[in-house]
Structures are given as structure tokens and as C-alpha cells.
Amino acid sequence: MQTKLAIQLDNIFKYIVIFCIFFIWTNYYYTNFLGCVILSILFTSIACFILTKIFYIKNDKKIKTKNEAIEYDQTIHQLLFMKQDEILNYFYLVLKTLDFDAKSDNFTIILNNKTILPYFVYELSIDDFLKIYKKYKSKKLIILTNKVSSELNSFISNFDLEAVEIMTSKDVYNTLIKPSKLKPQITVKAKELKKLTAIKFCQHAFNKKNARSYFLSGILIMFSSLFYKYSLYYQIVGTILFGLSLYSKFNTRFNQPTSNNTFK
């Protein structure tokens with residue numbers, strides 16, 4: 001993420017570049033220097049104002065889309081970790097919140113003449129589908145799940161199963177969860193990506209696996225110094241690369257031995 005100073009410097013650079021563009025063309029048609037400067041400042045200010053407005057509109061939309069994606073992922077992941085009775089109760093409340101006349105029989109949700117079965121596994125397989133179908137084949141069935149395996153997609157395409165509908169996570173979220181504004185309690189959270197610390201960077205930079213790369217780069221620089229006028233710079237860089245190669249190969253601080261014992 002950029003610092004406030006970096007953002008301000010970027011804005012100043014953008015303003016100067018736009019000013020220069022306007023000044024070039026204003027000066028082409030209007031030879032008075034002071035007048036060109038004033039007009040260029042005016043045009044640049046208007047252009048930057050419009051560009052800033054566009055940027056914030058796009059940025060707000062981007063943030064909103066990102067937040068919705070995070071909310072979607074959290075909701076679906078939580079459903080995958082919930083017990084079957086918890087999922088059933090949750091969707092029963094979702095349908096009630098949406099003013100549907102739904103009823104629950106502790107195994108499924110009855111809505112009009114349809115049976116709704118929330119069955120949130122990571123991927124609905126052929127075996128899962130057949131087990132459900134055999135149990136509820138006499139009813140019009142709607143299965144709510146995360147996603148369907150490619151094998152199941154191919155399998156069901158061979159049969160006339162109009163009485164069975166499978167709704168995957170995107171449709172479930174957009175049709176039921178999002179309109180109800182009723183989210184499950186988040187008890188399982190995704191891990192946050194850890195930032196690259198200075199220690200981690202050094203462990204990567206000075207790992208003995210990099211010793212060969214540093215050495216070959218040093219050889220290349222050393223030979224290059226024989227053919228270029230300012231060879232001193234090549235000699236300095238080559239010396240640094242050879243030093244890094246030597247340090248990476250033999251240092252013990254950033255090359256800790258790894259244990260093969262799973263329980264240590």
C-alpha cells in the first residue's frame with residue numbers, strides 16, 4: 001500500500017505532466033507566455049478535478065466489489081463448515097426472512113410443493129446425488145450446494161431429471177442469502193496473508209540455493225568488465241555478487257537445518 005507521501009508525489013507528478021501537455025498546445029495557438037501559463041493552470045486544474053472524480057468513483061466501485069467478494073467467500077466457506085442441522089435452520093430462517101411460507105421437517109424445507117435440501121459439501125459428487133435422489137425421488141427437489149463435480153454434470157446430462165434442480169453457491173447467494181441480508185455467524189475465518197518480513201526476505205535472499213546464481217552472475221559481470229570503459233563499476237558489482245555467493249553458501253543464520261520429524 002502506498003504511503004500518503006507517495007500518493008502526494010504521484011499527484012504532483014500527474015499535475016505537472018498534464019500541465020506540460022496543456023502548455024505545449026496552448027503555446028502553439030497563443031504566444032503570450034504568462035497567458036499560456038494561466039490558461040494551462042486553469043485547464044490542468046479542471047482536468048485533474050474530473051480525473052480525480054472518475055478515479056474515486058471507480059475506486060469506490062472496486063472497493064465495493066472487493067468487499068462483496070470477501071463477504072461471499074466468508075459466507076460460503078462458513079456453510080461448508082456448518083453441521084447439517086445448522087445449515088437447515090439457517091436456510092429456513094432465510095426463507096422466512098424473505099416472506100416465503102416455508103416449513104421444516106427437521107431434514108428438509110418444504111416450500112409450496114417443492115422440497116428444498118441444503119447439502120453443502122465442497123463438491124457434489126455422483127454418489128452424493130444418487131443418495132439424495134433415491135431418498136427424495138417422489139418429490140420435486142431443489143438441492144442447495146457449493147458446486148457440482150464435472151463428473152456429475154456429465155452424468156445428469158444423460159437423463160431427464162426435470163423434477164430435480166441443483167442450485168450452486170453463486171445462485172444460492174444471489175437468490176436467497178444476499179436479498180435476505182441474513183448472514184451465518186462466522187466462526188471459521190480465512191488466514192490472512194503474512195507480509196514479507198525482513199527476516200523472511202533475508203532467509204530467501206541468503207539461502208544457499210541462491211549461491212550458484214550469485215556466482216554465475218558474478219562471472220558474467222567479471223568478463224563484462226574486460227570490454228567496457230567504466231570497468232570499475234563492474235568490478236565492484238562483481239565483488240559484491242561473489243561475496244553474496246560465498247555468504248549464501250556457508251552462512252548458518254539463514255540456512256537453518258529442517259527437521260524431518262513431523263511432531264517436532
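Which helix holds Glu68? Glu68 sits in helix α2, residues 33–81; helices (H or I, at least four residues) and strands (E, at least two) are DSSP runs, numbered from the N terminus. The model is predicted: local features need pLDDT of at least 70, side-chain atom pairs count only at pLDDT 80 or more, and totals for chains, interfaces and linings use all residues. Residues are numbered from 1 along each chain as its sequence is written, and side-chain values use heavy atoms, with hydrogens and water left out.

**Glu68**
- Glu68 is partly exposed, at 33% relative accessibility; buried means under 20% relative accessible area, exposed over 50%, and partly exposed in between (1.4 Å probe, protein chains only).
- Not counting residues up to four places away in sequence, Glu68 touches Tyr173 and Lys178, where contact means heavy atoms within 4.5 Å.
- From Glu68 to Leu88 there are 20 residues in sequence and 24 Å in space, C-alpha to C-alpha.

**Nonpolar cores**
- The largest nonpolar core has 22 residues, of which Leu79, Phe91, Phe120 and Leu144 touch the most other members.
- Such a core is a set of buried Ala, Val, Leu, Ile, Met, Phe, Trp, Tyr and Cys residues joined through side-chain atoms within 4.5 Å.
- At least two residues of this core come from each of α2, α3, β2, β4 (140–144) and α6 (169–180).
- The most are given by α3, with 6 residues.
- Beyond its neighbours within four places in sequence, Phe120 contacts Ile76, Leu79, Leu80, Ile87, Phe91, Leu144, Thr145, Asn146 and Val172.
- A second, separate core has 11 residues, among them Phe129, Ile132, Ile143 and Val164.

**Cysteines**
- There are 0 disulfides in the structure, a disulfide being a pair of cysteine sulfur atoms within 2.5 Å.
- Cys36 is in no disulfide, and the nearest cysteine sulfur, that of Cys20, is 13 Å away.
- Cys36 is buried, with a relative accessible area of 0%.
- For Cys48, the closest cysteine sulfur is also in Cys20, and the 12 Å between the two sulfurs is too far for a bond.
- Cys48 is buried, with a relative accessible area of 10%.

**Positive phi in loops**
- Asp99 has a phi near 65°, a positive value in a residue other than glycine.
- Asp99 lies in the loop between α3 (84–97) and β1 (102–104), and is exposed at 70% relative accessibility.
- Asn112 has a phi near 55°, again positive in a residue other than glycine.
- The loop between β2 (109–111) and β3 (114–118) holds Asn112, which is exposed with a relative accessible area of 68%.
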